[in-house]
Amino acid sequence: MSGPLKQPPLPGMKKAAAPARTLPLWLGELALIRRALLCFTATMLASLALLSLSIGYRERQADELETARHARSAAASLFNHVEAEKQEIRAYEPQFLALRQRGLIGEENRLAWIDAIRLSQEQRKLLPISYDIGAQQLLQLPSSVATGQYQLRASKMQLHMDLLHELDLLNFLGDLRQAGYFAVHDCMLKRHGAGGGAAAMAPTLSADCSLLWLTLGSAPVPAQGRP
């Protein structure tokens with residue numbers, strides 16, 4: 001069954017206008033809440049910005065707090081170290097001063113050694129003594145021996161004595177210990193023939209000894225290279 005036939009428009013006639021599409025009702029109501037939507041959007045953006053700033057501020061404060069804790073811990077450790085050093089200084093200062101007074105710490109005093117030899121010889125009426133002092137040298141110590149900022153040095157003294165008896169040598173070495181610290185490196189005694197009569201004061205022994213006079217001197221500060 002065929003429907004009615006549509007007649008083509010005649011020349012000079014206009015087409016009928018298409019019916020207008022109607023918009024949803026809710027779009028027409030947006031104009032009523034436009035200001036509220038804009039205010040909500042602005043408030044939301046501001047809230048997000050403030051939240052981001054607060055998170056960043058909190059992280060910076062946490063970093064600063066951690067840095068402050070590390071600085072406080074380092075300061076406390078340094079303070080405890082300084083206090084411990086002060087206590088050690090107070091505890092060992094008398095011994096340090098005594099060692100320096102006896103010539104172990106500081107520069108060597110060869111004049112004191114020579115005076116001690118002369119004084120002991122005069123007081124004990126010893127036979128003539130000859131000696132020779134070599135150049136000061138640095139002693140190499142085991143790595144387990146800690147000397148801090150000091151270096152152990154030694155000056156070798158070659159000593160020859162004629163003796164009436166063994167006690168002359170022992171007493172002489174005891175006198176020398178008042179002038180400083182030394183170690184007997186080696187000592188060789190040689191006995192002479194017994195004498196009598198006019199030779200009663202002739203030496204019966206001779207001693208050839210090597211003494212190491214010890215001092216603790218400050219280690220030289222290494223020169224800094226130019227940048």
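**Sheet, disulfide and pockets of a predicted model**

An open sheet of four strands has the order β1-β2-β4-β3, and its pairing is antiparallel. Strands β1 (129-138) and β3 (181-191) stand at the edges. Each has a single partner strand, so one side of each is left without a neighbour in the sheet. On average, neighbouring strands of this sheet are turned by 15 degrees against each other, direction ignored. Such angles run from 0 to 180 degrees between N-to-C directions, with axes as lines fitted to C-alpha atoms, for helices over the stretch in contact. Two strands count as paired if DSSP finds at least two bridges between them. Strands of a sheet pair through backbone hydrogen bonds, either parallel or antiparallel.

The model is predicted, so local features need pLDDT of at least 70 and side-chain atom pairs count only at pLDDT 80 or more, while totals for chains, interfaces and linings use all residues. Residues are numbered from 1 along each chain as its sequence is written, and side-chain values use heavy atoms, with hydrogens and water left out.

The protein holds four helices and four strands. From the N terminus on, its elements run α-α-α-β-β-α-β-β. Helices (H or I, at least four residues) and strands (E, at least two) are DSSP runs, numbered from the N terminus. Of the 227 residues, 17% count as buried. Buried means under 20% relative accessible area, exposed means over 50%, and partly exposed lies in between (1.4 Å probe, protein chains only).

Strands β3 and β4 (residues 205-218) run antiparallel and are joined by 10 bridges. Valine 184 stands opposite leucine 211 in β4. The structure holds one disulfide, formed by cysteine 187 and cysteine 209. Their sulfur atoms are 1.8 Å apart; the cut-off for a disulfide is a pair of cysteine sulfur atoms within 2.5 Å. Cysteine 187 lies in β3 and cysteine 209 in β4, so the pair ties together parts that are 22 residues apart in sequence. A disulfide is a covalent bond between the sulfur atoms of two cysteines. Cysteine 187 is partly exposed, at 37% relative accessibility. Cysteine 209 is buried, with a relative accessible area of 2%. Cysteine 39 counts as partly exposed at 49%.

Lysine 125 sits in the loop between α3 (110-123) and β1. Its phi is positive, about 55 degrees, although the residue is not a glycine. Lysine 125 is exposed, at 66% relative accessibility. Leucine 111 belongs to helix α3 and is also exposed, with a relative accessible area of 55%. The C-alpha atoms of leucine 111 and alanine 179 are separated by 9.5 Å, and the two residues are 68 residues apart along the chain.

A pocket is an open set of points where a 1.4 Å probe fits, with protein on both sides within 12 Å along at least five of seven lines; lining residues have an atom within 4 Å of a point. The largest pocket has a volume of about 280 Å³. Its lining includes Phe96, Leu99, Thr147 and Tyr150. By class, this lining has six nonpolar, three polar and no charged residues. The second largest pocket has a volume of about 220 Å³. Glu85, Glu88, Ile89, Tyr92, Glu93 and Phe96 line this pocket. Here the classes are three nonpolar, no polar and three charged residues. Ala, Val, Leu, Ile, Met, Phe, Trp, Tyr, Cys and Pro count as nonpolar, Asp, Glu, Lys and Arg as charged, and the others, Gly among them, as polar. A volume is the space filled by probe spheres set on the grid points, which are joined across faces, edges and corners.

Technical notes
1 Å grid on protein atoms, 1.4 Å probe; cavity = no way out; pocket = protein on both sides within 12 Å on 5 of 7 lines; lining within 4 Å.
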